[in-house]
Amino acid sequence: MSLDLTRRDLILADHLIDGRWCGAAAGARFAVTDPADGSLAAVDAAQRALPAWRAKPARERAQVLKRWHAAILAHQEDLGRLISREQGKPLAEGRGEIAYAASYVEWFAEQAVRANGEVIPAPVGGRRLLALREPVGVVAVITPWNFPAAMIARKIAPALAAGCTVVGKPAEDTPLTSLALARLAQEAGVPDGVLNLVTASRAQAAAVVDVWLADARVRKISFTGSTPVGKHLARASADTLKRLSLELGGNAPFLVFDDADLDAAVQGLMASKFRNGGQTCVCPNRIYVQDGVHDAFVDKLAGRVAALKVGPASAADSQIGPMINARAVDKIARHVEDAVAQGARVVTGGRRLEALGPNYYAPTVLAGATPRMQLSCEETFGPVAPVFRFRDEAEVLALANDTPFGLAAYFYTRDIARAHRVASALESGIVGVNEGAISTDVAPFGGVKESGYGREGSVHGLDDYLQIKYVCEGGLG
Ligand code: ADP
């Protein structure tokens, strides 16, 4: 790969198992080995490494994570370039993702030493009751392509902080960033076998993960990805009753009330809708605008969207890069065609940008969207903003909640009573009120309904990797 990195040894294509780089399974070499073998070897290594890692004083685990955090930031430029190159997001966003990923490593380094238990007042004399928080054991992490660094970091960091060991499979479209992060983790002092990564093509993904699903030594799965795969993992891990953290698809509503600050609402939508080309699970997918401000909002939005600069991730002024693959851009085109066939109006965009390459799609605003359109029922995952018109609060809440998903929701209003009312009524794990950029390591990220369960980041993020042991000490009287 021709890529201008200061450390070319961060471009890796092998599995990392028990501290050794082996197996040559990524990129063009995907087909060479059977990744299921690597997958089993990874669990063996993680199981072997578990007793020593969980026994390490939390402060020492924290120090390893702090060194990893520093190494990630020290290589921010290289890693940012790697992300942009393999995932397609503009370089500024690639650098930003590295800082965001590093923030999770730092946060969980700080949380590692706070996994306090409890002493419970005993109901009878001569006893002491303890609730201890212990690591769940070997954790399997499976990540998507849209945030190749952040998704890996916010699963691996809490797992290591809690004293768990890890087997992981990065997405087939973006293994390189994850492997580079693992190399830096090794250099930071993560012991052999504590972090193992197996890469696989899409065709081989199920074979790799099936080994982990069947293996009773794997006590937990942490997955970010599509709802069908998440449901499959939940079903298939029932036999060994694994713990699960599932961060699945969303269908985020974005509500603009008549009393909103319109410029702030447009700004918030631009930040949340067009980040990573619209390819995030918290991107607004349905934009509901109240009658009184509808036309003004659409005008302002269309002006901003038409001005977005589309181009390769490597160009300094690109704001929207290519979509991840042909499957993704086909889905976007299908959603727009379906919407137009059902009466939506293209205000700006609405077409592929073939002159730039096969995977580019123009940033798009559609007016006149309605609930039966495909883009209302499922995530478009691209730079398309469909605007729906609504009359009143009750109507828009019913529309916003009329989905099996519940990850993020956003709304803009200057009425404080409405702000509290609507934040309570929205069925989602995350709500942005007059704010479009909501993700941070210090807050709990996760969904309700079919967007999954479990929380990443915040004090709750560590709990997903800990289990409680009740110890009753008697005979103390
Ligand atoms: P997307 O459609 O965004 O690629 P997926 O849910 O298909 O989302 O992919 C997320 C992650 O799940 C990737 O690492 C992918 O390889 C993995 N994956 C895909 N299919 C399966 C499967 N059948 N079993 C286990 N993992 C899978």
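Which residues are closest to the ligand, and how many residues surround the ligand? In this predicted model, the ligand is surrounded by 16 residues, and the closest are Thr143, Lys169, Glu172, Arg202 and Ser226.

How much of the ligand does the protein bury? Taken alone, the ligand exposes 560 Å², and 85% of that is buried by the protein.

Let us turn now to a pair of helices. Two packed helices are described by the angle and the distance between their axes. Here the pair is α4, spanning residues 91-112, and α5, spanning residues 150-162; their axes come within 8 Å and cross at roughly 10°. Angles under 35 degrees count as roughly parallel, so α4 is roughly parallel to α5. On the α4 side, the residues in contact are Glu97, Tyr100, Ala101, Tyr104, Val105, Phe108 and Ala112. They meet Ala150, Ala153, Arg154, Ala157, Pro158 and Ala161 of α5. Sorted by class, this contact has 11 nonpolar and 2 charged residues, with no polar ones.

A last stop is tryptophan 21, which sits in strand β2 (residues 20-22). Leaving aside neighbours within four places in sequence, tryptophan 21 is in contact with Leu12, Asp14, His15 and Leu16, and also with Leu179, Ala182, Arg183 and Gln186. With glutamine 186 there is a polar contact between the two side chains, at 2.8 Å. Leucine 197 is 176 residues away from tryptophan 21 along the chain, yet their C-alpha atoms are separated by 9.5 Å.

Methods:
Residues numbered from 1 in each chain as written. Predicted model: local features only at pLDDT ≥ 70, side-chain atom pairs only at ≥ 80, totals over all residues. Heavy atoms only, no water. Axes fitted to C-alpha atoms, helices over the stretch in contact; angles between N-to-C directions. Helix = DSSP H or I, 4+ residues; strand = E, 2+ residues; numbered from the N terminus. Parallel < 35°, antiparallel > 145°, perpendicular 65-115°, else oblique. Contact = heavy atoms within 4.5 Å. Nonpolar A, V, L, I, M, F, W, Y, C, P; charged D, E, K, R; others polar. Near = heavy atom within 4 Å. Areas by Shrake-Rupley, 256 points an atom, 1.4 Å probe, with all protein chains shown as cover. Polar contact = N/O pair within 3.5 Å; in protein donor to acceptor, adjacent residues only side chain to side chain.
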